[in-house]
Each structure stands twice: as structure tokens, then as C-alpha cells.
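Subject: Structure handover

Hi,

Here is the structure for you to look over. My notes on it follow below.

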Amino acid sequence: MTQSLAAVPPKDPARLPRIALVGIHGFGERHLENLEKLSAAGILELVAIADPQPPAQGTLAAEVEVYASLDELLAAGPAPDVVIISTPIQTHAPLALSAIAAGANVYLEKPPVASLAQYREVMEAAAEAGCLVQVGFQSLGSDALPAMDALVAAKAIGEVRGISATGMWLRDKAYFKRSRWAGKRSLDGTDVVDGVATNALAHAVATGLRLAGARTLEDVKSVDTDLYRANDTESDDTSVVRVRTTHGTVLTCALTLSAPEQSAPVVTVDGTLGQLTLYYTEDRVEITTPQGTREETFGRTDLLENLLAARSEKDLLSPLSGSGAYISVLEAIRTADAPRPIPPGFITWEGQGDQSHAVVQGIGSLIRRAALGQATFAELGAPWTSSGTPELTINGATVATVQDGTHIRPTSSPRPYLHPVRTLGGTVVTDHVPEDHVWHLGAGVALQDVDGINFWGGRTYTRDAGMYLWREDHGRIVTDSAEHGDGFRREQLSWLGPDHLPILREQRKWRWAAVGNSAWQLTLDFTLESATGRTVMLGSPGSNGRPQGGYGGFFWRLPAVADATIWTPEARGEDAVHGSVAPWLAWSGTFDAGPAGAAHPANDPGLGHPATLVFLASPQAPDPWFVRHAGYPGVGLSLAWDSPVATQPGRPAHRTVRVLIADGFLATNDIEQLITTLGEPA
């Protein structure tokens, strides 16, 4: 030690700001590098550091004092102008309170505190002392953020539909052994709240909140958490956090530390005409508008320099008061149930010893789908989650799960559906919230035009525009009542418009039964009746002028199918069967043939399972088949292929659809024999 802090003269506007750093290891090393750079530039003076593990001899300039604790540092003399706190999470609040009590401004590393109570305590202390507190969310110093705000305000991407933050990092066993508090929710009775959203990828959450306009506690309406862990820790490492702001924006953060490889985290603002994608570690923005796609890279203001230049809190780029929304997220995670362990069968380990890291199988697709669909892992039906929803069973085996659809994002037209649907052998033959069309939902009923209201989801095709447009025209289908028994389920449903008033009443009945040892039959019977007291028109893009686009009514979204064969009694192939009228349509191929772990645990490598679906036409009307394969796999019976269908009170539209779900490949003769044994629908 070369001099005592007591020997430093009182604050003088002419002298350099005096800085103390508490915690020089871990991220503190980066602060030390930055302080040395700014000191060499004549911007500040590093006068002291505090750490129970002092630096190696010769690491610091001779005039920098070294103390074992902040208390010792502050007791030595006049408080520094700024105290930087880069210490374990659980120490942030008490150290900040000590620095504030001494009259110092504070640079507080993220996460700033470990609980809402601590946040309020530090906020109150700073206000009473007149001290400034900057939080170390470095990405909030990026010039990209105001630029993105300006683009949103100018409607460059249309209306904002939602914001997502995605991060796929990998952290090895050594990462979770780096300190006693690593991977802990609490330590010795003190909150720590380490985790993927609260620490490792906290910048993704904070940046997403900033772009969502959520800064204060009052800006957050609700926080949903879906927390899991692949590592042997207390804290979460694979999670979805969904935030709804008080002004209606939804931010979905889908994050993991158990990815197969590390990639740059991004925050995306999704609009009706385009999107803005911020690679916040690079200050790079990809701007997609109707005019095309371009990239811009922006500068960044150092948050310490910003703190030194600030005269009041409004000058700060990342003030503690602006972290209230983030604290709402942290508090929701802190008070949530402990993260659920992901079963070992869905985890693979790469590397050796402490350098090995967990990989949650299929996590890349799940992260993307969560962001696109504003859905949690549980809502997506990730194979290592449990839904707790009603199931269709045959001989004790679950062949389908009922989803009420209440969690589906509004622009996907929330509605009840079945997913996953399985063969008797367990092969999954439906998909929902897929990356290509997040509004495709398993097996069910949907229409894009019901008196001008979209009950399909996504963009709406209109005759006037001659194209698909994002409109605020989405309805939702809600379950009024349901009766679930052995082999049947009856549902009374209401189709509600954007004003929440009923447009249609639907009576839906599912029936299911085995057909031999390797197949079963699912029957869907539904009626759609006007609930308005007048005629209601049921339409489609096809009835609104889009050639070959008459989808709507019964629809079945398939998962990826390898070597698919699609045929009817008279035609074969997508182009030939699409738009045709035939008594049945078959689809066979290899299901579950995607990346290992996409639908199967590690002890089942997911090499693919042959299955055949046979869709039997409705006896009530000669509805054409709607078939997609090249763009995405899906089958439907078109209720309004090229002209609308009317429904009136007392005169419903009625359809019955049967589907045979079989393990293995069926030939035409097999199908005809099965249909003959089934007879007419009951």
C-alpha cells in the first residue's frame, strides 16, 4: 500500500473521479482492464480495490490501495466517487447499501440484487442519499437500441406483434464448480438466484425488456416461468420466461446453457411488415422491411463513463430504477417452484471430465418454436415435460392428448386441438406450433374467414388485397363444457370474435377405438351453427379468390415425414390429390426421423418409424382434399374450397371425418379391407 485513502483530498470538480473496484476476479477482471484503459486515457483514477483474495504482486499500479473488504476500504478515508461492485450475487445489495451510506455512486454488476425486497431497499437508500446507481447491463449502452426504437416508431416493420429473446449457450461442469454460489438458488439461507435468465443470459432478458418499453415494476403485468435444469444444480439452465407488459407487448425469453454449440444470443422485434433482429453482443441489427433486408452495426457507450458524466438519474443509460421490470422477472423466478430436472434419457454429454457439457436433445428447435409461438416448453409439449391434460387411451396406452389451446398466442387464433396423436406403437403423427407456421395446431377444426374473422391464425388472405396481410381480426375458440369418457369426448365450444362476442356455437365429438393390433380409428364429428341470430358465412382464402387455397374446416398438421407417399384410390402425389374429391386419402412414410432426441429419449435414437394415416371423407358433403407436402406436411378437408358455406340458427354446417392411424406401411388393398370392416360411421 502506497498511501491511505484518508490522504486523498475532498471531492474537487477539477480532479479526476476516484474509483474503487470491489471484486477483481471473474467479471471483475474485465472491470479492471477497463479501469486501466480509462485511467491511462486520463478519464478517471483507480484508487483502491477490495477483495479477500488480493491480486498477484505487480498486477496493480503502486498507488492503488488494496483492502480485504469494502468496509475496510470505506473506513480508510473519504469515500470514492464511484464504487464498482463485481462480487457474488448475494453480496450485491449489502455492499451497495454500504457504498451508498458512505456517499458514493455505485456501478452494480448484474443481476443488481437477489430479490424484490433488496431492490426496494437499495432504491430507497439511493434516493435518500442522492446517489446514482448504474446497473451493469452493458447492452443497454448500445446505440442500436434508440435506432430500433426509431424504426418501430416510424412503423418500418408495421405494428409490433411480439418480442423474443433467444440464447443458446453451453456451459461445462467446471462453470458450475467455479464458486460456492454457482448454480444455487440460495446459499446458507441467503438468496442467490443464479440461473440462465437471472445471470448467464440476463442481458438477453434486460435487452428484451428495454425494447418492449418495460423498465419499471409497474410496466410488467405478468411473468410466466417454465424452468428446467439439465445439470446437477439447484438453478435453472434451460427455461422460458414470458413477460406481458402493462401496455400489451409480450416478451418471450427462450434460453439454455445446454446447447450443442454456442451461438450469439439475439433479441427480435417481430412486426406485421418485417422484423428487427439485434445481435446485442455485437451491436449489430438485421433490419427486414418490405424493401428488403440490410444490416447496420452501431457503437456503444461505456456504462462507467456514462455514470461519470451523469448529473442526475435521467442521464443514466442503465439506472437501477430502470431495472424494475427485470427485477419482476428475477422475483418470479426466485419465488417459482424449483426447476424440474430433465430426465437423463433426453440429455447427452459431450467432452470429458470438468470440460464436459450437457446437451438437451432437440433444444434448438424448441428454443425457436418457443420464441415464434410465445410458448413455454410445457405448452409446446417438449418430451421431458408433462401436460396434465385429458388423454385419449386405448388399452391403457395414451394415443392422443387434448390441448385446450388457451396458451396459444392471440395471433395464432387460440383453439382446442389434439396433440400429440400417436400410433398404437407410440409414433407421434401430429405437430403443433411448428417453426414454419406456428398457428398450425395438431388435429382439429379451424377456418380463416368466419364473417371476416380469422379462426385459423396467421395472416389473412383478402379479396381486396389479393394477398395475405396481418390484421387485428383473430378470434378464439373456447371450451364451454366437456364430457370425457371411455372412447368418447363431447365438447361444447364457442367461437368468439375479437370483441369476445360469440359468432358460432360448435358441438364437437371425438370417438376412438382400436382396429386390430396395429391400428386405431379416430372420429371427429362437428357442427357449426350461427350464434348471432343471423346467417354467418364460413369462408377460406379459396373462397376469397386465392386459387387452390381453400383450406379450412378439419385440418391435421403432420410432423416431418421422410419418404412420404400420398395417394387416393385414383391419384398419387401432392399435386394430383390436392383439390380432388375422393372417398379417402392416405399418407404413409417414416415419422420421427428427425434429429435424435426430437421426440425420443437417448435410449431410442429416433431413426424413424413407419406409419400410415388414412383420412376418410365426410359423408355429408363432397369436400375437396387440401394437401401440402413440399412446403409443410398437412392434410385437410376443405369446408369452403372456392365458395363460402352458410350456417344459420337451427341449420348448422355438419361434417364427420374418420382417420385410421396405423403402424407400418399400408397398401391400397390393406386400406380398402380396413374400410370395409369398419362400415359406415355411427
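Does Phe554 count as buried or exposed? Phe554 counts as buried, because its relative accessibility is 4% and the cut-off for buried is under 20%. Keep in mind that this is a predicted model.

Aromatic pairs

The count of aromatic pairs comes to 14. One of them joins Phe554 and Phe615. The centres of these two rings are 6.2 Å apart, the planes are at 55°, and the pair is classed as tilted. Phe554 sits in strand β32 (residues 553–557). Phe615 sits in strand β35 (residues 609–616).

Trp456, Tyr551, Phe555 and Phe626 are linked into it by ring pairs.

Charges over a ring

Look at Tyr175 next. Arg178 lies over its face, 4.0 Å from the ring centre. Arg171 lies over the face of Tyr175 as well, at 5.4 Å from the ring centre.

Helix packing

Helix α5 (residues 144–153) packs with helix α7 (residues 202–211). The angle is about 35°, and the axes are 10 Å apart. The crossing of α5 past α7 is right-handed. On the α5 side, the contact is made by Leu145, Pro146, Met148 and Asp149. On the α7 side, Thr207, Arg210 and Leu211 make it. By class, that contact has four nonpolar residues, one polar and two charged.

Best regards

Technical notes. Residues are numbered from 1 along each chain as its sequence is written. This is a predicted model: local features need pLDDT of at least 70, side-chain atom pairs count only at pLDDT 80 or more; totals for chains, interfaces and linings use all residues. Side-chain values use heavy atoms; hydrogens and water are left out. Axes are lines fitted to C-alpha atoms, for helices over the stretch in contact, and angles run from 0 to 180 degrees between N-to-C directions. Helices (H or I, at least four residues) and strands (E, at least two) are DSSP runs, numbered from the N terminus. A crossing is left-handed if the near helix is turned anticlockwise from the far one by less than a right angle, and right-handed if clockwise. Contact means heavy atoms within 4.5 Å. Ala, Val, Leu, Ile, Met, Phe, Trp, Tyr, Cys and Pro count as nonpolar, Asp, Glu, Lys and Arg as charged, and the others, Gly among them, as polar. Rings of Phe, Tyr and Trp (its six-membered ring) pair if their centres lie within 6.5 Å; planes under 30 degrees apart count as stacked, over 60 as edge-to-face and the rest as tilted. Buried means under 20% relative accessible area, exposed over 50%, partly exposed in between (1.4 Å probe, protein chains only). A charge sits over a ring if NZ of Lys or CZ of Arg is within 6 Å of the ring centre and within 35 degrees of the ring normal.
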